[in-house]
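Q: Hi, I have a new structure open and would like to talk it through slowly. Could you help me look at it piece by piece?

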Amino acid sequence: MPVPEREMTKSPYETLGVAKNASADEVKKAYRKLAAQHHPDRNPGDASAEEKFKEVQNAYDTLSDPEKRKSYDTFGTANGRPGFDPRDFNFRGGGNFRVEDLGDLGDLFGGLFGRGGTRTQRPQPERGADIEAVVNLSFEDSLRGLETKIPVEVTTACRECGGTGAQPGTAPVICPQCHGRGVVSESQGLFALSQPCPRCRGNGTVIEKPCDRCGGSGRERRTKRYTVKIPAGVKDGTRIRLKGKGEIGANGGPPGDLFVVTRVAPSKLYERRGNDLVVDVPVTYPEAALGTTVEVPTPYGERLSLKVKPGSQDGQLLRMRGHGAPKLTGSGKGDLLARLRLTVPKKLTKKEREALEELRKVSRENPREALFS
């Protein structure tokens, strides 16, 4: 029966989107555009973008070298050999088979005997670190909520090289030692021991001309300004999460998060107890004894009337529902608690003194006598 043809792959010209008679400058320009578009640092966690980036690197490696390009144009490969690969075998009744399909022999025999070499993978994507920033609020702003911008120092892609680590006008190239695999193998008879490539440290690419700004790391420290919405009702120490605004990840990993911590200044008038607010309301002794109506200020600019019953005591709490701090979870507000504080005048008029003397005379019970009863 007929032997299936090997699946055709894109030519380096098709990969870079250039014509076969394209100049070296046209090839380089097309490469820079595609490399920046599909670079892993710009597409964290996107496996397809990483694979496309490798294809673009391989294509540029072939077409940027005059000898390799001439070889490809002549034989269809960059190594000067015809397109047939002697490592390919054909079995009757089946398709083409490659030795690489078995993987490293060290992997095979290592699994059987519990020893031998294991395939070393490239550095795995790592999530970026979380960072924390503090925003200072007045007590009133913590109840109203607001939107503000905060400066945060973070590690970002280098502005000079766009995160590639290479000088502008250049780009990382396929590692000539491991040919982009990230690992090198050393034959030990039937075994093949794999280890990270010492030239590229397992990345598969090398930077021949490092960026002057970042030294080849592709990163730099910058101060960025983020807009954060502070919800109404935050307390001192409330943490607000901004997903993906932390440090950038390594090896194409996702970025960390930014946590904004609120620091709320204390109020001169109100004391916060959870979602409730406590405010001191001064009343005179006659008002507490006989009852009265007082005005209570709210933190929202209102003045509410509150009835004080006769016989009210110092420190007594009177609840005014729904006038406290907004609730972060759910809806509504806490309560406003008016704490009565009896005030004693330092100076009395003659008329006030006579009234108090008369009140003392007609009092039915002397509180001090209760101590000895």
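Q: Okay, to begin, how does L342 count, buried or partly exposed?
A: Before anything else, please keep in mind that this is a predicted model. L342 has a relative accessibility of 33%, so it counts as partly exposed, and its place is in strand β17, which covers residues 336-343.

Q: What kind of surface patch is L342 in, and which residues make it?
A: The patch is a nonpolar one of about 330 Å², and it is made by L342 together with Y285, L348 and L356.

Q: What about R319, which residue does its side chain meet in a salt bridge?
A: The side chain of R319 meets that of D335, at 2.8 Å from N to O. R319 lies in strand β16 and D335 in the loop between β16 and β17, so the pair ties together parts that are 16 residues apart in sequence. R319 counts as partly exposed at 44% relative accessibility, whereas D335 is buried, with a relative accessible area of 10%.

Q: Which residues do salt bridges with shared partners join into one network?
A: The network joins E271, R273, D280, D314, R339 and R341. Across the whole structure, a search finds 20 salt bridges.

Q: Changing topic to the inside, how many residues are in the largest nonpolar core?
A: The largest nonpolar core has 35 residues, and those with the most contacts inside it are I150, V152, L258, V260 and V296. If we leave aside neighbours within four places in sequence, V152 is in contact with I131, A133, R222, T223, K224, Y226 and L258. Another core, of 16 residues, lies apart from the largest one, and among its members are Y13, V18, F53 and L63.

Q: Now helices, how far does α3 reach from its first C-alpha to its last?
A: Helix α3, which has 17 residues (47-63), reaches 25 Å, and this is close to the 24 Å expected at 1.5 Å a residue. Its buried residues include A49, K52, F53, V56 and L63, and what covers the buried residues of α3 includes α1 (12-16), α2 (24-38), α4 (66-75), β5 and β8.

Q: Last one, where does H179 lie?
A: H179 lies in the loop between β5 (173-174) and β6 (183-188), and its phi is near 55 degrees, a positive value in a residue other than glycine. With 60% relative accessibility, H179 counts as exposed.

Terms used:
Residues numbered from 1 in each chain as written. Predicted model: local features only at pLDDT ≥ 70, side-chain atom pairs only at ≥ 80, totals over all residues. Heavy atoms only, no water. Patch = residues over 30% accessible without salt bridge, like charges linked within 9 Å, V, L, I, M, F, W, Y side chains within 5 Å. Areas by Shrake-Rupley, 256 points an atom, 1.4 Å probe, with all protein chains shown as cover. Salt bridge = Lys/Arg side-chain N within 4 Å of Asp/Glu carboxyl O. Helix = DSSP H or I, 4+ residues; strand = E, 2+ residues; numbered from the N terminus. Buried < 20%, exposed > 50% of the residue type's maximum accessible area, 1.4 Å probe, protein only. Core = buried A, V, L, I, M, F, W, Y, C linked by side-chain atoms within 4.5 Å. Contact = heavy atoms within 4.5 Å. Expected span 1.5 Å × (residues − 1).
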